[in-house]
Amino acid sequence: MRRNRATAVAVLVLSVTAGLPLVSVAHADTVDLYVDNTVNCSDYAPAAGGRLTPYCTVSAATAAVQAGQTVHIGGGFYREDVRLTHSGRPGAPITVEGPDVRPDNHDPAATVTGSDTGFTLAGVHDVVLRHVSTNAPKSAVEVTGSQHVVLDDITTGTALKETEQSAAVRITGRSSDVTLSHSQLQTSGAGVGVAVTPGVTGAVITTNVLTDPVKDGISVDGADGTVVTGNTVDNARGAAVRVSGGSTATTVENNVLSVVPVPGSGSTPSGLSVAADSTTGTRADYNVVATGAPRPYVWGGQTYDTPAEFRATGQGAHDLAGDRASITTPTEGSVVIDSADPKAPGESDTDVRGLARVHDPLVPGTGSHDRGATEFQRPPVALSLSVTPKSDISHPLDATVDFKATSPWATSIRTSVDFGDGSPVEAGATSPLTHTFPRTGTYQVRAVSTDDAGQTVVRTLSVDIIGTAPIAPQLKLSQDADLLSVHAVTTVASPWPITRTTFDYGDRTPVTDQPTHVYARPGFYRVTTTMTDTQGRTGTATATLTVTPEFAPVKPTRILDTRQGTGTPVGPGGVHKLKVAGVAGLPAGGMTAVLLNLTATRPTTGGYVTAYPTGTDRPTVSSLNFTTGQTVANAVVVPVGPDGTVSLYNFSGDVHLIADVQGYYGTTMPAAGAGNHLGSVAPTRVLDTRQGPGTPLGAGGTVKVKVRGSGLLPDAARAVVLNLTATRPTQSGYVTAAPDGNPPSSSSLNFAVGQTVANQVTVPIDPDGTVTLYNHNGSVHLIADLQGYYAAPGEDTRPLTTVTPTRLVDTRTTHSALGPGGTMRIRVAGVVPAYTKAVLVNLTAVGPTAPGYLTAYQAGSSRPGTSILNFTAGQTVPNLALVPVSADGFIEVYNFSGRTDLLVDLQGYSA
């Protein structure tokens, strides 16, 4: 059954502390346990492990499971090494299983991505592990000192470490009665596919596919009574199957063995290699070795080049040789089909995909088992269908239907044709068919072919019955520099003149014959044109258009300072309406949002400021948080109200406010900024004055920072989005980021003595690919990290859609604080549209217990070595961040040290 996924915003806090999580009281035998980290899960809640609140980690479930219980692992990725130490009992094993996605289920598999070994079964008995995938680097599964263990349907793409001990599956430590079956093991790097080591007895390796083992495919070393049956080993660099170390009474049957020499390695791979000390009681038969193997057989130290020569040893009476492609991936006529020994020890009634054994009627005899792990199945019915309307005007409603149904195993195939016009279905039809449709139009002609085994194939073909060539309009749209204006250009192929062309511009305005249009507001529009010819026939064409506000960066300019003039601060509950339209070179109209650096100074008490569009309800989120006496700045993107103003609300106490404009979003742009779209990048450090000679920036000093060029932003970038951090300042002061070296009158980042603080800045880029950082007074170290850039529309850039601030996370009310080294996974899918590339969020650390920093980055990617928000103990600090979004709609936030509450407010997205 396909699993439903939650669509609401989900937040998963992962602990990085050592050891297994605490678990609840063990469940009764009749209660199964559940693991699913894609829904609301917990490793600690009293009801953890049930269907409603599953465990977040597999380790939590295996620490609690008891005999007779089953651990059900939901599809997804689990970043952990799982160690099973609990045992079942005869008749009541412990079972750990993921969803069975064979052979063509498209649900996600349960995948463990450990740092060492995916699953370790140590000193256990009566345990079943099945339907799981793992990509651990040392071993996918290791069984040591265990008995009565079944490993079934294990899938791995392991990149093994360069060690002698590495193996995709390793059975060791005097284990007995261990079965590995129906598994697909892809290995690379070093090591072997399956290793059965000294002291192991009674192991069964059956019906597995091992691809590209760098050393041996299956290695049996000093393990008595091992059964190796029905496996496919493809492209082994060592031996496909190696038996050594005094492994007696080994069975090697029904296997497909392929090896490939590695030029320059000095090794000569072999298909089947049995050492002289391991021939006692060992039986090899019904195996197939790929032709061209350097040493097909090595038996007791002697090489045999063909199955016929190998039979001289008394072994391989039914062995065959075949072309690698036809035996590893069987096709009709392959020697592996129906030629296996169905009574071989360990032989399975299903193949590696879980499909039943079937007899190929084209192969003489009654055998139904193929050699190797893959059973050749009944070929599907192949059906081709074509519908050809008559081209001559005398038969405008006629068409010819041609079809051909084939299946090599079928003795009969019956085909029916439905013409899609309400006429009776033509059952048992013979191709070709001629049919007269009742009128012009588009019809869905459907053919259904069924063979004597009940296999059915359906083909549907759309056919236009029009008598003559249809009208085929084409529509292209172009926008003016005034982005709300659009021009529609049409072309058409028609044998008769066009009498009328109309346009529906998709904004609920009346249909018109005018090819130009001005939209009232930004949005996504579908434009449709309809053309009519002199015969009354019509044709339509559509094109889509996204009218979005574009961004224009400006040199930082101060537009508010309540300390000036009367010097009146904003009081508790007060709102300051700030005029932005037509101010400081900003346009008087067509501006949808403004990018401000907002600074609070001299607050008489702790509080916050909220920036929002005038004339709308004030949102219940903060734009800028501060403590008593603190000077703090934060970048904010604020939609502009209808009257050209934005409102600044102060929650409590008195506070002076400073606002510096950094850019704006609008639909009427200057030529220098028109067409700017946003591109996000992984955080990249481009400046750290602590490095090298470690020279801070002095009073009145400037530093030019290269942001565009090789390994940095593309040449098309016009403005850069930086996370700017100041640390170790010797005096209170500020830094300004600007596109040139002229000392500016505005601030980008304010700091106190000894404070480490960060802020996001957006700055136009100089022609030489640099921006300039200016320090007002004292000395300070500066750190700059790339977050994104603005450029003309292209494959890697998207328009930024600004929104009224929306709170995504508040750990003070819904979650526990983020601990040291903790990571919070935040779901934005469902809040922002699908295919969103990046989100613009305001991050606020509240009440941290120790100095530290936060890092925000794309979920599932490697955590960058950069910070996004720095704080000291007890300090409330905000910062705007542009964060890439993962393909499944998540971002992650990491806390370096101490514990801190976290606020996350959405301000915009790039989709």
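I will go through salt bridges, then aromatic pairs, then charges over rings. Keep in mind that this is a predicted model.

Salt bridges to begin with. The count comes to 25. Take E253 and R283, whose side chains meet at 1.8 Å, N to O. Are the two partners buried or exposed? E253 is buried, at 1% relative accessible area, while R283 is partly exposed, at 37%.

Next, D452 and R378. Their closest N and O atoms are 2.8 Å apart. Both residues come from loops: D452 from the one between β34 (441-451) and β35 (456-465), R378 from the one between α3 (324-328) and β30 (382-389), so the pair ties together parts 74 residues apart in sequence. D452 is partly exposed, with a relative accessible area of 39%, and R378 is partly exposed too, with 22%.

One more salt bridge: D688 with R685, the closest N and O atoms being 4.0 Å apart. Which residues join these two in a network? Salt bridges with shared partners put R685, D688, R690 and D785 into one network.

Now the aromatic side chains. There are 9 aromatic pairs. In one of them, F503 and Y505, the ring centres are 5.9 Å apart and the planes are at 25°; planes under 30 degrees apart count as stacked, so this pair is stacked. F503 is buried, at 3% relative accessibility, and Y505 is buried as well, at 1%.

Y853 and F896 also form a stacked pair, with centres 4.8 Å apart and planes at 10°. What does this pair link? It joins distant parts of the chain: Y853 is in strand β61, residues 852-858, and F896 is in the loop between β64 (890-895) and β65 (901-910), 43 residues apart. Y853 is partly exposed, at 24%, and F896 is partly exposed, at 43%.

There is also an aromatic cluster, made up of Y297, W299, Y304 and F310.

Last, charges over rings. R618 lies over the face of Y649, 3.7 Å from the ring centre. R825 has its charged end over the ring of F890, at 3.8 Å from the centre.

That is all I have; questions are welcome.

Key. Residues numbered from 1 in each chain as written. Predicted model: local features only at pLDDT ≥ 70, side-chain atom pairs only at ≥ 80, totals over all residues. Heavy atoms only, no water. Buried < 20%, exposed > 50% of the residue type's maximum accessible area, 1.4 Å probe, protein only. Helix = DSSP H or I, 4+ residues; strand = E, 2+ residues; numbered from the N terminus. Phe/Tyr/Trp six-rings, centres within 6.5 Å; stacked < 30°, edge-to-face > 60°. Lys NZ or Arg CZ within 6 Å of the ring centre and 35° of its normal.
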